[in-house]
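User: Could you take a close look at one single residue in this structure for me? I'd like to know where it sits and what is around it.

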Amino acid sequence: MNSIDLAGIGMTSQRTRERLIQRLEDQGISSQAVLDVIRMTPRHLFVDEALSHRAYEDTALPIGFAQTLSQPYVVARMTEALLSDGPLQRVLEIGTGSGYQTVVLSQLVAEVVSVERIEPLLKKARERFRKLRLTNITASLSDGSFGWEEQAPYNGIISTAAPQAIPQQLLQQLAPNGILVIPVGGEMVQDLRVIRRLGDSNEFDEDVIEKVRFVPLLGGVTRSFR
Ligand code: SAH
């Protein structure tokens, strides 16, 4: 687990951040650990400067390349669900994007492995990890549609992009009692699903906890945009 050294990062008004935390609590987020990490994570560093004044609103924000930084409520809900069975050692994130969800996770679990298919987004996210001095994150350019076999198995997997159906490889890459949090469905709306591997068996438990709207999980890797 890492923690963020806030010196030199430029804290935005504490009151604005507290309002966000209050709102998350009002909406039912109850994990104090998750709320504390969101309170301490400088979300304004994950968007363009022109949008930074909106960084502590409970809304999704554009990060370029037709992608979005998730709404804080959704980040909190997914993180809380991922950690609902207790602390996790190694977590795979599919869709690094801005790196915000990655940084939230890196403060709550021992090790985060994250994959992103759009290289310019990955590069920016890596710079942010460096700036925040978080050393327990490995981020790679890769199509995560089939997970990331290299570092499997994972105690937890979280996808921040939505497939139409759950890729079987993700289930196979879960460690015994591992937990997968993933939005699944069509373009407009998806079910946020929480899937647990039962012991070391090939059986899985499944809950649907929320309706959400994520960008689609796409195949292939993009190195640059013209
Ligand atoms: N967690 C991010 C959310 C970014 S949006 C954040 O906090 O900012 C989802 C991201 O998933 C996008 O950056 C998109 O490029 C990425 N993505 C979509 N399909 C993917 C795939 N198959 N493999 C890896 N990343 C993917």
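The residue I mean is Asp191: which residues does Asp191 touch, not counting those up to four places away in sequence?

Analyst: Asp191 touches Ile182, Pro183 and Val184, and also Val208, Glu210, Lys211 and Val212, if you leave out residues up to four places away in sequence. Keep in mind that this is a predicted model.

As for where to find Asp191, look in strand β8, which covers residues 190–197. Is Asp191 buried or exposed? Asp191 counts as buried because its relative accessible area is 18%, and the cut-off for buried is under 20%.

Now step along the strand. Val181 touches Leu192, Arg193 and Val194, among others, and its contacts also include Met78, Ala81, Leu82, Ile157, Ile158 and Ser159. Val181 is also part of the largest nonpolar core, which has 50 residues; there, Val181 is among the five that touch the most other members, together with Leu24, Ile38, Leu82 and Val103. Helix α3 (residues 72–82) gives the most to this core, with seven residues. Apart from that core lies another one of 15 residues, including Leu180, Ile94, Ile166 and Leu170.

Notes:
Residues numbered from 1 in each chain as written. Predicted model: local features only at pLDDT ≥ 70, side-chain atom pairs only at ≥ 80, totals over all residues. Heavy atoms only, no water. Core = buried A, V, L, I, M, F, W, Y, C linked by side-chain atoms within 4.5 Å. Buried < 20%, exposed > 50% of the residue type's maximum accessible area, 1.4 Å probe, protein only. Helix = DSSP H or I, 4+ residues; strand = E, 2+ residues; numbered from the N terminus. Contact = heavy atoms within 4.5 Å.
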